[in-house]
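This report walks through a few features of one protein model, for a reader who is meeting it here. Please keep the sequence and the structure in view while reading.

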Amino acid sequence: DFEEKAAEREASTSQEMAGRVGKYNAMEVNDQVFEELVLSGGQAEEVQTLWKNYLSSAESREAAGEAIYAALFDAAPSIQSLFKTPRAIMAMRLMNGLSQIISSLDDPKALKIIVEALGFQHLD
């Protein structure tokens with residue numbers, strides 16, 4: 001029963017994604033063009049509210065960042081060796097970057113600039 005409902009939700013989500021206007025979905029990675037991300041009504045506000053709730057549920061901003069890194073490294077332990085900077089510093093950088101991104105979700109032009117700048121910081 002649970003598996004049937006999960007399959008139905010997945011099929012419904014796939015149908016929704018297929019019907020959306022735009023070139024991208026979660027199954028494709030476009031490495032040729034970086035366009036502005038325009039969220040549909042209420043999505044930016046919902047993400048911003050969820051982010052605020054996450055931050056308020058953590059003991060501190062540092063703890064919230066550490067929790068994200070812990071989840072990331074638990075899910076993909078092999079990538080931990082790619083990070084040379086101390087984890088506490090990386091956690092704060094991650095929190096700053098995510099906060100910038102999330103606060104700009106309702107401004108596609110600003111969001112694009114922020115994501116580009118963060119992306120360029122990752123180039124060697």
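## Salt bridges

In this predicted model, the count of salt bridges comes to three. One of them joins Glu-36 to Lys-109, whose closest N and O atoms are 3.7 Å apart. Glu-36 lies in the loop between helix H1 (2-19) and H2, whereas Lys-109 belongs to helix H5, so this pair ties together parts that are 73 residues apart in sequence. The two partners can also be described by their accessibility: Glu-36 counts as partly exposed at 36%, while Lys-109, with a relative accessible area of 57%, is exposed.

Another salt bridge brings together the side chains of Glu-66 and Arg-87, at 3.3 Å from N to O. Since Glu-66 lies in helix H3 and Arg-87 in helix H4, the pair ties together parts that are 21 residues apart in sequence. Glu-66 is partly exposed, with a relative accessible area of 28%, and Arg-87 counts as partly exposed at 31%. Within helix H5, Glu-116 and Lys-112 lie four residues apart, about one turn of the helix, and their side chains meet in a salt bridge of 3.9 Å, N to O. Glu-116 is partly exposed at 31%, and Lys-112 counts as partly exposed at 25%.

## An aromatic cluster

The structure holds four aromatic pairs. Among them is the pair of Tyr-69 and Phe-73, which is tilted, with 5.4 Å from centre to centre and 45 degrees between the planes. These residues are four apart in helix H3, and are therefore separated by about one helical turn. Tyr-69 is buried, with a relative accessible area of 6%, and Phe-73 is buried as well, at 7%.

Tyr-69 also pairs with Phe-83: the ring centres are 5.6 Å apart and the planes stand at 85 degrees, so this pair is edge-to-face. Because Phe-83 lies in the loop between H3 and H4 while Tyr-69 lies in helix H3, the pair ties together parts that are 14 residues apart in sequence. Phe-83 counts as partly exposed, at 30% relative accessibility. Together, Tyr-69, Phe-73 and Phe-83 form one aromatic cluster.

## Helix H4 and its surroundings

Helix H4 covers residues 87-103, which makes 17 residues, and reaches 24 Å from its first C-alpha to its last, close to the 24 Å expected at 1.5 Å a residue. Its buried residues are Met-90, Ala-91, Met-95, Gly-97, Ser-99 and Ile-102. What covers these buried residues includes helix H2 (43-57), helix H3 (61-75) and helix H5 (108-121).

Notes:
Residues numbered from 1 in each chain as written. Predicted model: local features only at pLDDT ≥ 70, side-chain atom pairs only at ≥ 80, totals over all residues. Heavy atoms only, no water. Helix = DSSP H or I, 4+ residues; strand = E, 2+ residues; numbered from the N terminus. Expected span 1.5 Å × (residues − 1). Buried < 20%, exposed > 50% of the residue type's maximum accessible area, 1.4 Å probe, protein only. Contact = heavy atoms within 4.5 Å. Phe/Tyr/Trp six-rings, centres within 6.5 Å; stacked < 30°, edge-to-face > 60°. Salt bridge = Lys/Arg side-chain N within 4 Å of Asp/Glu carboxyl O.
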